[in-house]
Amino acid sequence: MESGLLCTVSDAVATVRLHHPAKRNAMTAAMWRDLPVTLDRLAADPGVRALVLTGSGDTFCAGADIADLRGDSTPQGLAVAAEEALAAFPKPTVAAVRGFCVGGGCQLAVACDLRFAAQDARFGITPAKLGIAYPAPSTRRLVGLVGPATAKYLLFSAELIDSGRALRTGLLDEVLPTAELDDRVAAFTRTLTGRSRLTQAAAKEFAAGPVPPERAAHWLRESEASGEAQEGVAAFLERRTPRFAWPETSGGDRGPGNPGQAGLAR
């Protein structure tokens, strides 16, 4: 396989691997198009509780494939659609970053809920080198994560920053020795899969922006009807692992902007 997305599911965690080793996992037009389709399938799979986005080999993603840009076969809209699909994914998402995370790769990492990186990771957003206006939704998401000053530094200069600076500015959540990254991400996603999906879904929707009163009321009703809180308290008192069953117990709602589509073919 010369380039594409490699998808596996194990222990309730889906791993989507950006695979284009000849060009440091740069995103081709086909990869941009395939990502929303892949995410829709994983969103609809009840066996998936969390998602990890990473790259093949020792690089996360070097951006968009410049050969596609030269032929204008990768309109900016494809990248934005993929980014928005990732941001709207209804389950927790973690970017596992090693090596270069640049341009469209950084755009995808920022769209994940959390970002763990190896010490050797380097980050940059490089449209200023190409004379391209960075998309407005991507800019707002970046500003929301790192603040306007760091966002302007990255966008104005197109310079790369190391993992230490990325951690200090809020671009990263954790930095690990390179050899420990995979084990830490695996351990953390195991933790995620054991927590309440209702709590995670509500928190993800609330963190995305202003919440209409009817959505806040929906989640309150859902919490009361699901029995999740009662199970959590009982498990704590009984010193056992909670058995959270939502959405099976109540037909839980994914919320707006997080549709599930066809089941995953593995």
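**View 1. The largest cavity has a volume of about 30 Å³.** The structure shown is a predicted model. Searching the whole structure for cavities of 30 Å³ or more gives 1. Its lining is made by E83, C106, Q107, V110, I125, Y134, S138 and L142. Helices α4 and α5 each contribute at least two of the lining residues, and α4 has the largest share, with 3 residues. Sorted by class, the cavity lining holds 5 nonpolar, 2 polar and 1 charged residues.

**View 2. The largest pocket has a volume of about 880 Å³.** It is lined by 34 residues, and those closest to the pocket centre are A87, D113, K204, A207 and A208. Two or more lining residues come from each of α3, α4 (104-111), β6 (114-118), α5 and α9 (197-207). Helix α9 gives the most, with 6 residues. The pocket lining divides into 19 nonpolar, 6 polar and 9 charged residues.

**View 3. Helices α3 (residues 76-87) and α5 (residues 136-146) cross at roughly 40°.** Their axes come within 10 Å. On the α3 side, the contact is made by V80, E83, E84 and A87; on the α5 side, P137, S138 and R141 take part. The contact residues comprise 3 nonpolar, 1 polar and 3 charged.

How values were computed. Residues numbered from 1 in each chain as written. Predicted model: local features only at pLDDT ≥ 70, side-chain atom pairs only at ≥ 80, totals over all residues. Heavy atoms only, no water. Axes fitted to C-alpha atoms, helices over the stretch in contact; angles between N-to-C directions. Helix = DSSP H or I, 4+ residues; strand = E, 2+ residues; numbered from the N terminus. Contact = heavy atoms within 4.5 Å. Nonpolar A, V, L, I, M, F, W, Y, C, P; charged D, E, K, R; others polar. 1 Å grid on protein atoms, 1.4 Å probe; cavity = no way out; pocket = protein on both sides within 12 Å on 5 of 7 lines; lining within 4 Å. Points joined across faces, edges and corners; volume = space filled by probe spheres on them.
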